[in-house]
Amino acid sequence: MTDFKDEGRKVRPLLSVRDLVKHFPVENSDDVVKAVDGISFDIFEGETLGLVGESGCGKSTVGRCVLRLIEPTSGTIEFEGSMINGLASREMQKLRREMQIIFQDPYASLNPRLSIFSIVAEPLKIHRIGSKSDWKDRVAELLSKVGLDPRYMSRYPHEFSGGQRQRIGIARALALNPKLIIADEPVSALDVSVQAQVVNLMQDLQEELGLAYLFISHGLAIVEHISVRVAVMYLGKVVEVADSVELYQDQRHPYTKALLSAIPIPDPNVRRERIVLSGDVPTPINPPSGCRFRTRCPIAEARCAEIEPELRETAPGRFSACLLDDGYEDALPFA
């Protein structure tokens, strides 16, 4: 992927994922669901990588594999240069202090039987950090950071709105001072006005604490607002990666073009040319040969059914998995 520069030197990624695969067995069958089928990406300190795609493309599975909430089928995951595949549960628990998650549904992710104090302090209790009096101070500090009154810590989740609940989830994720947060559709269950507030809060926290985010979403306008770089997934594969500004101005992969053409323009006098894809998304149990997008691609050629395109750097900082992208044939395979 794109290398960040620091005084002319390459900077090591905070998170490096290579050839990640996650297949789920189909009950009473020898088939498998190829939810994630060989993807690679990097995330650097303090940056946000947006991961977008249609529902069912494997985005959330990627986030859970990175944290090993589910075990990858194959591939490598490195955090700060250390391989985390195969770590014992005790070693993985220590590492999870550095890697946390914000879940999609703020109503399901908070235990209704626990007070806000118990919810936010739970990571501190699990990792045996400080005393109970220390936890109270820390919870008060965290609630203030996310814009909630510390006096709320004695209340229960049902007393809060969806946006407030998600702020509590963010406070919990921050309890251990992580370096990386997997944000799995963190605003999709919220009203539009509340979405903006939560995204702005996440950006403020990133600037203050130096956080890195893997921001998983199908809300393309939000991803454009918060991300430094964007990776586009289709049917278990990454098909394009680019700087956020460049991607939204000029798409190299036909799927990305179709995806971004669906973003509404908030001006009744301006119309965007919509690219409507034909057919349905193929099954991940038996994806098409060659390019997985070819069955719906408006510019597909015969060779697209025979050659599976690799993710290659087709322009400086631009990665594409399309045989018809200018520069693809001359580009070296992604390594």
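This is a predicted model: local features need pLDDT of at least 70, side-chain atom pairs count only at pLDDT 80 or more; totals for chains, interfaces and linings use all residues.

User: How far apart are the end C-alpha atoms of helix 4, and what span should its 14 residues have?

Analyst: Helix 4 covers residues 132–145, and at 1.5 Å a residue its 14 residues should span 20 Å.

User: Which residues of helix 4 are buried, and how wide an arc do they cover around the axis?

Analyst: In helix 4 the buried residues are Trp135, Arg138, Val139, Leu142 and Leu143. Lys136 and Asp137, on the other side of helix 4, are exposed, while the cover over the buried residues includes helix 3 and helix 5.

User: Which residues have the most contacts inside the largest nonpolar core?

Analyst: The largest nonpolar core has 58 residues, and its largest share, six residues, comes from helix 3 (residues 116–126). Leaving aside neighbours within four places in sequence, Ile170 is in contact with Ile102, Val146, Val198, Leu201, Met202 and Leu205. Inside this core, the residues with the most contacts are Ile170 and Met202.

User: What kind of aromatic pair do Tyr234 and Tyr255 form, given the angle between their planes?

Analyst: Tyr234 lies in strand 11 and Tyr255 in helix 9, so their pair ties together parts that are 21 residues apart in sequence. Both Tyr234 and Tyr255 are buried. Their ring centres are 4.7 Å apart and their planes stand at 55°, so the pair is tilted.

User: Which residues form one aromatic cluster with Tyr234?

Analyst: Tyr234 also pairs with Phe293, edge-to-face, with 5.2 Å centre to centre and 85° between the planes. This second pair links distant parts of the chain, since Phe293 sits in the loop between helix 9 and strand 13, 59 residues apart from Tyr234, and both Tyr234 and Phe293 are buried. The residues that form one aromatic cluster with Tyr234 are Tyr255 and Phe293.

User: Which residue takes a positive phi in the hairpin of strand 13 and strand 14?

Analyst: Strand 13 (residues 312–315) and strand 14 (residues 318–320) run antiparallel and are joined by three bridges, with Arg312 opposite Ser320. The hairpin has two residues between the strands, and the one that takes a positive phi, near 75°, is Gly317.

Methods:
Residues are numbered from 1 along each chain as its sequence is written. Side-chain values use heavy atoms; hydrogens and water are left out. Two strands pair if DSSP finds at least two bridges between them. Helices (H or I, at least four residues) and strands (E, at least two) are DSSP runs, numbered from the N terminus. A nonpolar core is a set of buried Ala, Val, Leu, Ile, Met, Phe, Trp, Tyr and Cys residues joined through side-chain atoms within 4.5 Å. Buried means under 20% relative accessible area, exposed over 50%, partly exposed in between (1.4 Å probe, protein chains only). Contact means heavy atoms within 4.5 Å. The expected span of a helix is 1.5 Å times one less than its number of residues. Rings of Phe, Tyr and Trp (its six-membered ring) pair if their centres lie within 6.5 Å; planes under 30 degrees apart count as stacked, over 60 as edge-to-face and the rest as tilted.
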